[in-house]
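Biologist: Before we start, could you take me through the terms slowly, setting each value against its definition?

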Amino acid sequence: MNTESRAAELRAVLNRAAYQYYTLDAPELPDAEYDKLFQELQALEAAHPELRTPDSPTQRVGGAVLAGFTPVRHAVPMLSIRTETDTTAAGAEAFDARVRRELKLAPDAPPIAYVAEPKFDGLAISLRYEHGVLVQAATRGDGETGEDVTHNIRTIPQIPLRLSGTVERSASGVERENGEDTLSAQRSTLNPPAVLEVRGEVYMRRDEFEALNERMRERMAAGDKAAKTFVNPRNAAAGAVRQLDSGIARQRPLSFYAYGLGEVTPADAGGPRFETQWDMLQGLKSWGFPVSALARKALSASELIAFHADVAAQRDSLPFDIDGVVYKVDSLDLQRELGYVSREPRWAVAHKYPAQEQLTTVQAIDVQVGRTGKLTPVAKLAPVFVGGVTVTNATLHNELEARRKDVRVGDTVVVRRAGDVIPEVVSVLADKRVDGAPEFTMPTHCPVCDSAVVREEGEADHRCTGGLFCAAQRKQALLHFASRRAMDIEGLGEKLVEQLVDGNVVRTLPDVYRMDLVVLAALDRMAIKSAQNLLDALEKSKQTTLARFLFALGIRHVGETTAKDLARHFGQLSAIMAADTDQLLQTPDVGPVVAGSIHTFFLQPHNREVVEQLRAVGITWVEGEPAPAALLPLAGKTFVLTGTLPTLSRDEAKEMLEAAGAKVSGSVSKKTHYVVAGEEAGSKLDKARELGVAVIDEAAMRALLSDGA
């Protein structure tokens, strides 16, 4: 391909990518790939100026105006900042050297003062205020003309609708400044200028972005075809701002940082007199705009390097996405002297960090089983360096997400990695797909234990039903089994469980009770005494209750309270194991999802086998006749425990009340029937008295247990 054809191809690819990024808010090309192609085109045009065309991406700033929005002509163009391609410390040194060279400074001249700020990954916005009141908000657009998005920007709480220091005249003729009567002569210096255009970035916090995508996934799982997840916070923020319906923007929590000015009333006509970039930031703060707390002054290249490194260290813990930092010459006089080149300021540069998105290919799609039984499809990738590490795996989250993105083996994909976040496939370049590549489907049986795989109604995740039998779930199952509110096996903690499972000492739960002193004493950090203590704890745990045993099995959706309800309602384990969903639904507070989970668990032959083996090693409990909750003496009554009781622990009192059919809550409300108060009772006692709830002591509680309420 000759040079002219290559330049034409690059223009087409880059213009399409810019349209997808800026206009459709649906980026397909990762930033790193775009930058690489952009730099190649720049180099070609520099070497062959005759190839530079008016429609070249190197000659424009942003995107096109979206149909449906009113165009806004920027009085002062919103220009882009040139990007320093070297992401190392040398990038800061190169910028400082370039500035000094263009200012024709001698080598021994004093260092230049800069302002350094984070480079937000959001949507650039210009806010126009007239006499301190927001009258218009516009996107960057192509730098000359943007879109009027005032209706959406008004939904962002950080953006003031009226600036601090603005004077308004009351009906009485007295001027009021920020709501207080005052004399205009005394407060005139606080007034913003007649015209003030503030430039900044609209963005979405990471936690808000994750919450938004979680809501979208829930809607997708429920069958909402209009719901979709977003690629990244920038994509979600831009999509919200550029909606004709402001209700959508209101539903997506957006944030804003200010960092610059556009058109401003001249100083000789009452406008502000800023001499430095730093002073301008302080002025923005005084008018009520949020300015990044990370911004700082920097004297010389060495301090720019330190800032770049410092922000890089904080990058992954910041509440918002950034893709680099920005350096600006602090003196506004020097900014004017340096001027612009190719519609970019010579006095500023964006110094990026290593790309967090890259292109690679999917070599296979494996399915991993988590410790709770969740199945996760994982794309096996051709190795690619992204976010500072070489990535070979990326999560596809679940089948719904994998099919929504339509990821297939052989696809070219965009992979993203931010900090310690697990790499994920962001999108697929469908035009590069090999013909005949099959769609991904979740297996019907667990790849680890071959148990049936199910997806409960209303959930996005598939799960292995193997439970106690599945090796992938073994550690978590064992830790839960040994926990205090389950079998209460003192000494069987996380590190010991890891040794037992990794060393194949314990393959199933009953194996725990088959260990002997020799085996235990040979483990790391174990000795004869600690091994014997564990054996004693195991022996003690064999005497338990049906409710504890049910809870210890780790049946999905069966918590401690549900286990007690089941034990009370059925009386015997065999009855629970034989019950169908209709019979299980007769248990108080057991709904269709819980009933289905219990029924599915006991349908699995290997789960029934584990239960029988546990009973065979000596685990016992007292079984009785079914006790319908409605017939129990305290059925329908709600108790709250507070303070220290004379003879009973909180857990003992709770078990006694629940055995009598009562519910024990952690908070007092109008629906509480009794508060059982001991010594040093606190706020719950005060709340009970405030609401007129009956307050009793331990003796009165025992009387209720004996006589009923």
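Modeller: The buried residues of α16 are Ala531, Leu534, Leu535, Ala537, Leu538 and Ser541, where buried means under 20% relative accessible area, exposed over 50% and partly exposed in between, with a 1.4 Å probe and protein chains only. They cover an arc of only 160 degrees around the axis, so they lie on the same side of α16, the arc being that of the directions from the helix axis to the C-beta atoms. This is a predicted model, in which local features need pLDDT of at least 70, side-chain atom pairs count only at pLDDT 80 or more, and totals for chains, interfaces and linings use all residues. Residues are numbered from 1 along each chain as its sequence is written, and side-chain values use heavy atoms, with hydrogens and water left out.

Biologist: What makes α16 a helix by definition, and how does its reach compare with the span expected?

Modeller: Helices are DSSP runs of H or I with at least four residues, strands are runs of E with at least two, and both are numbered from the N terminus. With 14 residues, α16 reaches 20 Å from its first C-alpha to its last, close to the 20 Å expected at 1.5 Å a residue, the expected span being 1.5 Å times one less than the number of residues.

Biologist: What is Pro253 in contact with, leaving aside its neighbours within four places in sequence?

Modeller: Pro253 is in contact with Met204, Glu208 and Arg215, contact meaning heavy atoms within 4.5 Å.
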